[in-house]
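Biologist: Show me this protein, please. I would like to ask how its features got their labels.

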Amino acid sequence: MMTVTERFLRYVSFDTRSDEHSETVPSTDKQRLLGAALVEEMQSMGLSDVSMDENGYVFGFLPATAGQEDRPVLGLIAHMDTSPDASGENVSPQTVLYEGGDIPLKNGDVISLEAFPFLSKYVGQEIIVTDGTTLLGADDKAGIAEILSACAYLAEHPEIPHGKIAIGFTPDEEIGCGSDHFDVSRFGAQFAYTVDGGEIGEIEYENFNAASATLTVHGVNIHPGSAKNRMKNAILMANEWIGRLPAAETPSHTEGYEGFYHVHDMEGCETQATVSMLIRDHDRALFEGRKRFLEELTAFENSIWGEGSFELSIKDSYYNMKEKILPHMELIENAKAAMEAAGVEPIVVPIRGGTDGARLSYMGLPCPNLSTGGANFHGVHELIPVPSLEKMVDVLVNLMKV
Ligand SMILES: [Zn+2]
């Protein structure tokens with residue numbers, strides 16, 4: 001039987017970087033290569049109804065053991081793509097025995113203990129790191145490896161009773177599209193977990209409410225030599241609008257449950273300027289209040305510069321899954337118990353972002369998120385301790401037995 005580490009190392013050899021500028025589904029064809037390899041592996045493990053659909057979603061099912069057919073179907077979900085933020089090509093994982101201090105990478109870079117003090121928890125453990133030139137892909141190939149290792153274990157231990165388990169591997173999570181084409185009814189689970197979190201023990205069921213906003217500013221351009229009382233410089237107008245945002249409510253000044261406005265892109269000239277921003281808040285009422293504030297700010301600026309000078313469009317992206325999980329808190333209790341039984345201390349943390357599970361929860365599939373054990377996702381300092389990979393397999397086996 002392949003170990004979880006062997007599985008993981010095999011999956012990271014596939015470059016599955018997604019592309020936010022692509023119009024295709026999945027966003028990159030190369031994700032299908034990992035999908036096809038997973039289909040083959042799942043079939044050889046004896047999972048049933050294994051398939052990859054036209055959008056690149058891989059589904060398969062571990063049938064219930066005798067007498068357990070009436071139990072609710074539990075889903076386990078991970079994503080196959082890696083972040084566009086760093087290269088995922090020719091990933092060259094290195095396993096090091098961590099003895100403390102900085103971890104030197106092959107290309108001369110280091111993973112510094114000062115920058116990442118959590119490393120001290122892993123002294124004495126084998127840690128898988130990159131060669132410093134790519135990301136690792138623990139996000140989320142560790143999740144895939146853990147789910148399939150847990151399935152393989154149960155497939156080889158038919159004496160352990162469990163209900164039917166639905167397995168789903170999605171493309172394009174990193175570009176926010178992982179649940180766009182997820183066929184919840186074909187998946188057939190009553191509830192599920194994404195295995196896509198960070199350090200071992202994390203359980204997440206609260207995420208941001210999220211929206212994106214685009215401000216378009218219309219100015220009036222005139223030769224600067226004769227512009228007095230006539231030029232309306234869209235750049236300066238946009239700057240004025242930004243200047244009236246609450247200065248301390250930005251990502252760099254907030255943590256925990258605190259929300260923010262995040263201006264992340266701006267371009268323009270005297271005639272027209274556009275500002276792109278994100279709006280985030282865990283609390284739904286505060287979230288709605290933030291959107292209202294931007295509307296009022298825009299109306300205020302129009303009262304100064306003339307009606308139609310500022311146009312704001314706001315689009316909701318996703319909502320806090322907490323609303324959908326609260327009626328099913330047994331999902332959180334079961335996850336905690338599964339961790340404790342594996343010797344893992346559960347840590348419930350709010351996500352300062354979204355997950356595929358948040359969208360799925362609003363599509364009728366309540367879906368909290370569990371740790372993979374990895375850390376420093378989306379960059380060259382990504383890593384995962386081998387014992388965390390192994391522990392998460394135990395946790396998932398415990399969860400499937402519940
Ligand atoms: Zn992920």
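This is a predicted model: local features need pLDDT of at least 70, side-chain atom pairs count only at pLDDT 80 or more; totals for chains, interfaces and linings use all residues.

Biologist: How do you know that the overall size agrees with a compact globule?

Modeller: The protein has 402 residues, and the globule rule then gives a radius of gyration near 21 Å. The protein has 24 Å, which agrees. Along the principal axes, the C-alpha trace spans about 85 × 50 × 35 Å.

Biologist: How many helices and strands are there?

Modeller: The protein has ten helices and 17 strands. As for burial, 51% of the 402 residues count as buried. Take the contacts with a separation of 6 or more: 79% of them come from residues 24 or more positions apart.

Biologist: What makes a group of residues a nonpolar core?

Modeller: Its members are buried nonpolar residues, joined through side-chain atoms within 4.5 Å. The largest such core has 72 residues. F8, L148, I167, F169, L396 and M400 have the most contacts inside it. Helix α3, residues 138-156, provides the largest share, ten residues.

Biologist: Which residues does L148 touch?

Modeller: Leave out residues up to four places away in sequence. L148 then touches R7, Y11, L38, E41, M42, M45, L47, I167 and F169. I167 and F169 are also among the residues with the most contacts inside the largest core.

Biologist: Why is one space called a pocket and another a cavity?

Modeller: A pocket is an open set of points, whereas in a cavity the 1.4 Å probe fits but cannot get out. The largest pocket has a volume of about 1300 Å³. Its lining has 43 residues, and E173, E174, Y318, G353 and G354 are the closest to its centre.

Biologist: Which element gives the most to the lining of the largest pocket?

Modeller: β14 does, with three residues. Elements that give two or more include β9 (191-197), β12 (260-268) and α9 (356-362). By type, the lining divides into 13 nonpolar, 15 polar and 15 charged residues.

Biologist: What lines the second largest pocket?

Modeller: Its space is about 250 Å³. Among the lining residues are K121, Y122, E199, G343, P387, S388 and K391. Helix α10, residues 386-401, gives the most, with three residues. The lining divides into five nonpolar, three polar and four charged residues.

Biologist: How many cavities of 30 Å³ or more are there?

Modeller: The count comes to two. The largest cavity has a volume of about 40 Å³. Its lining is I77, A78, H79, D140, T170, E173, T194, D196 and D356. Strand β3 supplies the largest share, three residues. Four of the lining residues are charged, three polar and two nonpolar.

Biologist: And what is the volume of the second largest cavity?

Modeller: About 30 Å³. Its lining includes V12, F14, D15, T82, L135 and K141. Here five residues are nonpolar, four polar and two charged.

Biologist: What makes a peptide bond or a phi value worth a remark?

Modeller: Most residues other than glycine have a negative phi, and most peptide bonds are trans. The bond from V25 to P26 is cis, with omega near -10°. P26 is in the loop between α1 (4-11) and α2 (31-44). The bond from D139 to D140 is also cis, with omega near 10°. D140 is in helix α3, and D140 also lines the largest cavity.

Biologist: Why is D49 called exposed?

Modeller: Exposed means over 50% relative accessible area. D49 has 59%, so D49 is exposed.

Biologist: Why is H378 called partly exposed?

Modeller: H378 has a relative accessible area of 30%, so H378 is partly exposed. Phi of H378 is positive too, near 75°. H378 is in the loop between β16 (369-371) and β17 (383-385).

Technical notes: Residues are numbered from 1 along each chain as its sequence is written. Side-chain values use heavy atoms; hydrogens and water are left out. On a 1 Å grid over the protein atoms alone, a cavity is a set of points where a 1.4 Å probe fits but cannot get out, and a pocket is an open set with protein on both sides within 12 Å along at least five of seven lines; lining residues have an atom within 4 Å of a point. Grid points are joined across faces, edges and corners, and a volume is the space filled by probe spheres set on the points. Helices (H or I, at least four residues) and strands (E, at least two) are DSSP runs, numbered from the N terminus. Ala, Val, Leu, Ile, Met, Phe, Trp, Tyr, Cys and Pro count as nonpolar, Asp, Glu, Lys and Arg as charged, and the others, Gly among them, as polar. Buried means under 20% relative accessible area, exposed over 50%, partly exposed in between (1.4 Å probe, protein chains only). Contact means heavy atoms within 4.5 Å. The radius of gyration is taken over C-alpha atoms; the globule rule is 2.2 Å times the number of residues to the power 0.38.
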